[in-house]
Amino acid sequence: MSCIQTIADYGLRSIGIGERLLPRSDFTMCQQFTLIGSGMIWNLYFGILALLAGFFLATTLAVAKNSDRAIFRKPAEWFIFLFRGSPLFIQFFLAYEAFAMLPRAGFPILGITVATDWITRAWAGALIVLFFNTSAYAAEIFYGALRSVPKGDMEAADAYGMTGWTKFRRVTWPTMLRLGWPSYTNEAIFLFHATTLVFFSGFPAFRQEGDALYYAKYFADKTFNPFIPYPIAAFYFILLTLCVIAVFGVINRRLNRHLPQESRKRFRFRPQIIR
């Protein structure tokens with residue numbers, strides 16, 4: 001079988017398109033690169049959706065935590081502390097057990113029975129956990145940036161007669177993003193790396209259509225050689241990291257487009273070794 005045929009057969013296998021049976025013997029490098037790359041589709045799915053939805057929830061939480069009213073501030077503080085204070089791995093297991101305890105027959109709502117078994121699948125349940133986790137971390141980043149907005153910017157907005165939503169939309173929020181974006185980039189990178197934990201969580205893969213680590217472990221178990229499939233998976237994540245840095249770097253330059261070229265801070269990648 002040629003490499004092109006292998007890509008055609010297994011390139012989209014992780015989403016149910018192509019060959020259903022995995023190769024059993026005589027594994028080639030092309031097969032390993034193709035299947036592990038196919039599994040990256042799920043890692044991208046988890047990371048992109050959790051990041052996009054988490055961005056808006058994180059902004060809301062940061063604003064709520066910065067509020068003078070306890071009715072908004074306290075729930076935001078508790079939410080952030082809960083998801084930042086507990087390990088993500090534990091959150092996966094607790095969430096799966098909680099979702100599994102829901103009645104499989106579904107809940108009656110307005111006389112209509114709504115099924116709940118879908119939430120125990122990785123595509124839904126694991127995504128919810130990643131969404132809440134990244135929202136909590138990003139909210140703390142944005143909260144710190146919100147507290148660091150220069151008073152001069154706020155006074156200038158007041159001088160122009162801006163109040164309420166207009167002031168937040170045109171001054172506070174853009175400045176908050178500009179200050180917090182480098183740290184938020186690190187959070188985005190960590191989130192994509194954290195998608196590998198879905199494989200170890202209780203959320204099952206559907207019909208052997210797993211993520212990159214699922215296929216890497218499959219080849220490692222079959223060949224008794226972990227030094228080929230796992231470096232391939234790492235290679236894909238390194239490429240993904242470079243893509244995230246490039247995209248977020250473009251956004252960072254966009255956020256700082258009003259600053260003189262010499263006063264713009266150079267965008268640097270600083271990985272979080274310990275979290």
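Visitor: What share of the residues in the protein chain is buried?

Guide: In this predicted model, buried residues make up 43% of the 275 residues in the protein chain. The word is used for a residue with under 20% relative accessible area.

Visitor: How do you know that Ser 135 is buried or exposed?

Guide: The relative accessible area of Ser 135 is 0%, and the limit for buried is under 20%, so Ser 135 is called buried. Its place is in helix H5, which covers residues 122-147. Leaving aside neighbours within four places in sequence, Ser 135 is in contact with Gly 54, Leu 57, Ala 58, Leu 61 and Phe 79. Between Ser 135 and Phe 56 there are 8.1 Å in space, C-alpha to C-alpha, although the two are 79 residues apart in sequence.

Visitor: What makes Gln 32 count as buried?

Guide: Gln 32, a residue of helix H2 (residues 29-65), has 5% relative accessibility, and because buried means under 20%, Gln 32 counts as buried. Beyond its neighbours within four places in sequence, Gln 32 has contacts with Phe 27, Phe 219, Ile 228, Pro 229 and Ile 232.

Visitor: Why does Asp 26 count as exposed?

Guide: Exposed requires over 50% relative accessible area, and Asp 26 reaches 68%, so the word applies to Asp 26. Asp 26 is found in the loop between helix H1 (3-10) and H2, and its phi is near 50°, a positive value in a residue other than glycine.

Visitor: How do you know whether Phe 224 is buried or exposed?

Guide: With 74% relative accessibility set against the limit of over 50%, Phe 224 counts as exposed. Phe 224 lies in the loop between helix H8 (212-223) and H9, and here too phi is positive, at about 55°, although Phe 224 is not a glycine.

Visitor: Why are H7 and H9 called roughly antiparallel?

Guide: Two packed helices are described by the angle between their axes and the distance between the axes. For helix H7 (residues 164-194) and helix H9 (residues 229-255) the angle is about 165°, and the axes are 10 Å apart. Angles over 145 degrees count as roughly antiparallel, and H7 and H9 are therefore given that description. H7 passes H9 in a right-handed crossing. The residues that make the contact include Leu 177, Arg 178 and Trp 181 of H7, and Phe 237, Leu 240 and Thr 241 of H9. By class, the residues of this contact divide into 14 nonpolar, four polar and one charged.

Visitor: What can be said of the packing of H2 and H7?

Guide: H2 and H7 pack at an angle of about 145°, with their axes 11 Å apart, and their crossing is right-handed. Among the residues that meet are Asn 43, Leu 44 and Gly 47 in H2, and Phe 168, Trp 173 and Met 176 in H7. This contact of H2 with H7 has 15 nonpolar, three polar and no charged residues.

Visitor: Which stretches does UniProt list as "transmembrane region", and how much helix do they hold in the model?

Guide: The unreviewed UniProt entry lists five stretches by residue number, including 44-64 and 76-102. Over residues 44-64 the chain is 100% helix and 0% strand, with end C-alpha atoms 30 Å apart. Over residues 76-102 the chain is 85% helix and 0% strand, and the end C-alpha atoms are 26 Å apart.

Key
Residues numbered from 1 in each chain as written. Predicted model: local features only at pLDDT ≥ 70, side-chain atom pairs only at ≥ 80, totals over all residues. Heavy atoms only, no water. UniProt positions renumbered as here; feature names shortened; annotations may be inferred. Helix = DSSP H or I, 4+ residues; strand = E, 2+ residues; numbered from the N terminus. Axes fitted to C-alpha atoms, helices over the stretch in contact; angles between N-to-C directions. Parallel < 35°, antiparallel > 145°, perpendicular 65-115°, else oblique. Left-handed = near helix turned anticlockwise from the far one by under 90°. Contact = heavy atoms within 4.5 Å. Nonpolar A, V, L, I, M, F, W, Y, C, P; charged D, E, K, R; others polar. Buried < 20%, exposed > 50% of the residue type's maximum accessible area, 1.4 Å probe, protein only.
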